[in-house]
Amino acid sequence: MNKISFNNEVEVRYQTDVFIAGGGPSGIAAGLVAARKGLKVMIVDMNSALGGAGTVGMVPCFMQFGDGENFLSEGIGREVLERLEKAEGTGGFRGKAIQTEVLKRVYDEMIQEAGIDVIFGVRIIGVRKEKNDITHVIVAAKSGMYAISAKVYIDGTGDGDLCAMAEVPFDIGDENGEMMPGTLCSLWTDIEWDKVDQRQSEMLDKAFEENMFTNEDYHLTGISRSGNTYGGGNIGHAFGVNPLDEVSLTKAYISQRKVLTEYKNYYRKFLNGFSKLDLVGTAAIMGIRESRRIKGDYTLCLDDFKKRAVFEDEIGRYCYPVDIHPTRPGVEGFKKFQSEYEGDLRYKKGESYGIPYRTLTPIGLDNTLMAGRCISCDRYLMGSVRVMPGCYITGQAAGMAAYLAVRDNKTTREIDIKELQRELIKIGAYLPNYKE
């Protein structure tokens with residue numbers, strides 16, 4: 001392999017208290033909490049809008065905010081949902097549907113009200129470290145490369161890019177390194193919802209017999225209602241996609257746009273209410289379910305899920321089932337998914353597991369935190385905590401921890417956990433096991 005040496009001096013263009021990599025739900029929650037406590041906060045994101053999967057990625061619904069008895073994503077999660085409902089951005093339908101353009105504006109307004117500096121079209125390409133501290137992040141933008149320095153850094157990239165560049169160890173995929181497939185979400189129109197009376201997957205066998213699909217993908221999540229005649233599609237799996245490889249992602253984008261024409265034909269031919277179905281558009285980014293799991297001081301694991309675990313350093317609780325999509329097409333993997341998702345790995349009403357603060361502190365870094373999908377957990381718990389309401393929970397905790405670290409000039413491990421929990425409770429966080 002040919003190599004060249006490339007060295008360059010870059011301007012330190014911005015200095016801030018808290019730097020957040022990634023403007024998805026975890027980064028937004030972290031930024032709002034830290035800024036509202038008076039800190040100077042900067043969020044950079046490679047996309048053109050805040051929100052990540054729920055906006056640019058067109059994921060059509062939030063997944064569950066609560067356990068059927070308790071609203072677990074209290075704090076920023078509730079605020080986002082209520083503001084979106086007030087702006088008529090959920091369509092008024094069950095499942096907390098997302099109208100992406102409305103959610104984009106809600107996020108914009110919240111961030112602007114908090115006085116947070118946001119820059120779009122920025123990609124992190126490196127970090128500078130001294131001992132256990134990140135001192136600068138190096139970014140590439142339209143105007144060129146430059147550096148940003150902060151007192152505390154938060155990795156909300158989903159893929160754990162910031163921590164990986166700082167050489168924090170991580171796990172990825174199953175025992176063979178295989179990852180869950182991605183999905184290129186989509187927007188569909190001309191749906192006659194009053195005529196829809198079937199499970200959207202019930203005619204797949206017939207379609208497979210007629211060779212309508214490239215892959216025999218039995219896991220059809222479906223098109224969710226988000227308006228009077230339109231819906232958001234979480235349909236089609238990009239099997240084998242590697243979210244850390246741009247060549248793999250490129251192939252997946254091209255293949256998934258083709259696959260969506262196959263779903264259009266399937267829905268029109270076999271399902272009531274979809275005879276006029278038309279594809280309006282596809283997301284700008286692939287919906288990624290699995291990527292790096294950064295190693296932290298504690299790894300949240302399947303046993304914690306089964307025990308409904310409680311932790312002394314708990315910063316929130318969550319309840320979404322272990323949702324691990326089959327890594328390959330075919331009926332065998334789908335049956336395994338069904339047995340897990342609809343069996344022991346789904347909670348009853350009122351049940352939840354705790355998320356300890358130690359899952360947010362990456363090994364080997366003293367001024368950096370994680371939030372969202374890349375927190376320290378095993379593959380099973382990543383399959384639960386990765387969805388948006390879970391990201392609000394870990395994000396707001398990271399933002400509050402960053403505030404305490406900056407305020408008291410302490411490392412992220414030296415902050416008072418009880419004070420962190422008290423401060424989270426003040427903003428509404430659900431911490432029923434907190435004790436002085």
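Arg 317 is buried, at 5% relative accessibility, where buried means a relative accessible area under 20%, exposed over 50%, and partly exposed in between, computed with a 1.4 Å probe on protein chains only. The model described here is predicted, so that local features need pLDDT of at least 70 and side-chain atom pairs count only at pLDDT 80 or more, while totals for chains, interfaces and linings use all residues. Residues are numbered from 1 along each chain as its sequence is written, and side-chain values use heavy atoms, with hydrogens and water left out.

The side chain of Arg 317 meets that of Glu 314 in a salt bridge, at 3.0 Å from N to O. A salt bridge is here a side-chain nitrogen of Lys or Arg within 4 Å of a carboxyl oxygen of Asp or Glu. Glu 314 is buried as well, with a relative accessible area of 3%. Arg 317 is also one of the residues in contact with Ser 352, contact being defined as heavy atoms within 4.5 Å. Ser 352 lies in the loop between helix H8 (331–341) and strand S14 (353–356); helices (H or I, at least four residues) and strands (E, at least two) are DSSP runs, numbered from the N terminus. With a relative accessibility of 7%, Ser 352 counts as buried.

By the rule given above, the count of salt bridges comes to 33. Among them is the pair Asp 171 and Lys 295, whose side chains meet at 2.9 Å, N to O. This pair links distant parts of the chain, 124 residues apart: Asp 171 belongs to strand S7 (residues 170–172), and Lys 295 to the loop between strand S12 (292–294) and helix H7 (302–307). Both partners count as partly exposed, Asp 171 at 32% relative accessibility and Lys 295 at 29%. A further salt bridge joins the side chains of Glu 74 and Arg 78 at 2.7 Å, N to O; Arg 78 is partly exposed, with a relative accessible area of 27%.

Helix H1 (residues 25–36) consists of 12 residues and reaches 16 Å from its first C-alpha to its last, close to the 16 Å expected at 1.5 Å a residue. The expected span of a helix is 1.5 Å times one less than its number of residues. Of the 12 residues of H1, 11 are buried, so the helix is largely enclosed by the rest of the structure. The buried residues include Pro 25, Gly 27, Ile 28, Leu 32 and Val 33. Their cover includes strands S1 (12–21), S2 (41–45) and S6 (144–155), together with helices H2 (76–86), H3 (100–114) and H10 (388–408). H1 is followed by Gly 38, which has a positive phi near 100°.

Four strands form an open sheet in the order S9-S10-S8-S11, with antiparallel pairing; two strands pair if DSSP finds at least two bridges between them. Strand S9 (223–225) and strand S11 (278–282) stand at the edges with a single partner strand each, so one side of each is left without a neighbour in the sheet. Neighbouring strands of this sheet are turned against each other by 30° on average, direction ignored. Within the sheet, three bridges join strand S8 (residues 186–189) to strand S10 (residues 231–233), and Leu 187 stands opposite Gly 232 in S10.

Helix H6 (residues 246–270) lies across S8, S9 and S11, running at about 155° to S11. Axes are lines fitted to C-alpha atoms, for helices over the stretch in contact, and angles run from 0 to 180 degrees between N-to-C directions. H6 has 25 residues and reaches 36 Å from its first C-alpha to its last, close to the expected 36 Å. Its buried residues, including Leu 249, Tyr 253, Val 259, Tyr 263 and Phe 270, pack against S8, helix H5 (204–209), S9 and S11. The N-terminal end of H6 is capped by Asp 245, a side-chain oxygen of which lies 2.8 Å from the backbone nitrogen of Val 247.

Strand S4 (residues 123–130) and strand S5 (residues 133–141) pair in the antiparallel sense over seven bridges, with Lys 129 opposite Ile 134 in S5. The two strands form a hairpin with two residues between them, and Lys 131 in the turn has a positive phi of about 55°.

Notes. Polar contact = N/O pair within 3.5 Å; in protein donor to acceptor, adjacent residues only side chain to side chain. Lists of a residue's contacts leave out its neighbours within four places in sequence.
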